[in-house]
Amino acid sequence: MNVQTLGPNAAAVTTTPQNLYIVRLSLLEIRVVLLLHSFVFGLCPGPTQKMNLFQSVTSALDNTLASDPTAVIFGEDVAFGGVFRCTVGLRDKYGKDRVFNTPLCEQGIVGFGIGLAVAGATAIAEIQFADYIFPAFDQIVNEAAKYRYRSGNLFDCGNLTIRAPWGCVGHGALYHSQSPEAFFAHCPGIKIVIPRSPVQAKGLLLSCIIDKNPCIFFEPKILYRAAVEQVPMESYQIPLSQAEVLQEGSDITLLAWGTQVHVMREVAAMAQEKLGVSCEVIDLRTIQPWDIETVCKSVVKTGRLLVSHEAPVTGGFAAEISSTVQEECFLNLEAPITRVCGYDTPFPHIFEPFYIPDKWKCFDAVKRMINY
């Protein structure tokens, strides 16, 4: 497998906030050791192609448009390829009636998508940044999530998938760095998925598109170009609501999703080298409904759980995970469950390197838990 990283020279840069974040990722080595697990190739034997994360998203959308004549893609600037180039070339290939721009109105984008899905089309909406999804909050929470329930299953908008670039990027500041998954996890009726790599992104996005429930698919934008691996060219699915154990361990469970998974892999390597601590690393992948069984099985084995995400700590999804694991695994715990997350402040610009839950903060938490 060919894996592309930022390389050792990435650290030799001027320390602007953007570059500090790049240094962080180079130290991770984006070790987009992005495990091409055998089950993926079992689902999709055939040729692969070297893709970064945004290209794998494009490939998934291409597969969908080719196989489903009802599928349409719409959002701000998607006809031109989108801000992050995820839809580049699709309008030319499939026509302006299937890939088209919308007004700058997130509420309208999602409302339009709900109507399309109810009418039987496969609706794939793009919100240009996850930070801008809030004007559509009412349409997602009060309409899309409740459509099947309110009609007694006579009607539904399960064919709706909402894509949005997500997470910090090194220079995004207040309005281009947020991780809003916890807002939607509180709402029954929608699924929330966040991938860590190109192979995962394509398989999980295709699963969201064919799932019979409305899905929100958050894409870690810092990984759009940083994560590169061999991705099957044909269509395949990775099951939703199934966490993945990336590394077996016996002393502590490290749980994350999206970009933070790569931080946890680096922390696990540090803990083994410096402390002799064996870490089990889990990628949650689906935020809601989440895989309680896999996480609790791991915590029963290790006796410790560290959960980390970029979103603010108060009310973040790590709190829900902590509460559930405490209820299910209380007698197995050797230390209090620990959360290492963003601070309870708006996302800063020049102070982003101090805000993010980097590997040093997570490593310190591991030491505290082991010594408890």
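Buried residues, defined as those under 20% relative accessible area with a 1.4 Å probe and protein chains only, make up 58% of the 372 residues in the protein. The model is a predicted one, in which local features need pLDDT of at least 70 and side-chain atom pairs count only at pLDDT 80 or more, whereas totals for chains, interfaces and linings use all residues. Residues are numbered from 1 along each chain as its sequence is written, and side-chain values use heavy atoms, with hydrogens and water left out. The protein holds 15 helices and 14 strands, taken as DSSP runs (H or I, at least four residues, for helices; E, at least two, for strands) and numbered from the N terminus. Of the contacts (heavy atoms within 4.5 Å) with a separation of 6 or more, 82% are accounted for by residues 24 or more positions apart.

Helix H13 has 13 residues and reaches 18 Å from its first C-alpha to its last, close to the 18 Å expected at 1.5 Å a residue, where the expected span is 1.5 Å times one less than the number of residues. Its buried residues are Phe317, Ala318, Ile321, Ser322, Thr324, Val325 and Cys329, and what covers them includes helices H8 (181-185) and H12 (292-302) together with strands E10 (252-256), E12 (286-288), E13 (305-312) and E14 (338-342). Leu284 touches both Phe317 and Ile321, and its other contacts include Trp257 and Trp290, not counting residues up to four places away in sequence.

The largest pocket, with about 300 Å³ of space, is lined by 18 residues, of which Gln178, Ser179, Phe183, Ala311 and Pro312 lie nearest its centre. On a 1 Å grid over the protein atoms alone, a pocket is an open set of points with protein on both sides within 12 Å along at least five of seven lines, and lining residues have an atom within 4 Å of a point; grid points are joined across faces, edges and corners, and a volume is the space filled by probe spheres set on the points. Strand E13 gives the most to this lining, with three residues.

Technical notes
Buried means under 20% relative accessible area, exposed over 50%, partly exposed in between (1.4 Å probe, protein chains only). On a 1 Å grid over the protein atoms alone, a cavity is a set of points where a 1.4 Å probe fits but cannot get out, and a pocket is an open set with protein on both sides within 12 Å along at least five of seven lines; lining residues have an atom within 4 Å of a point.
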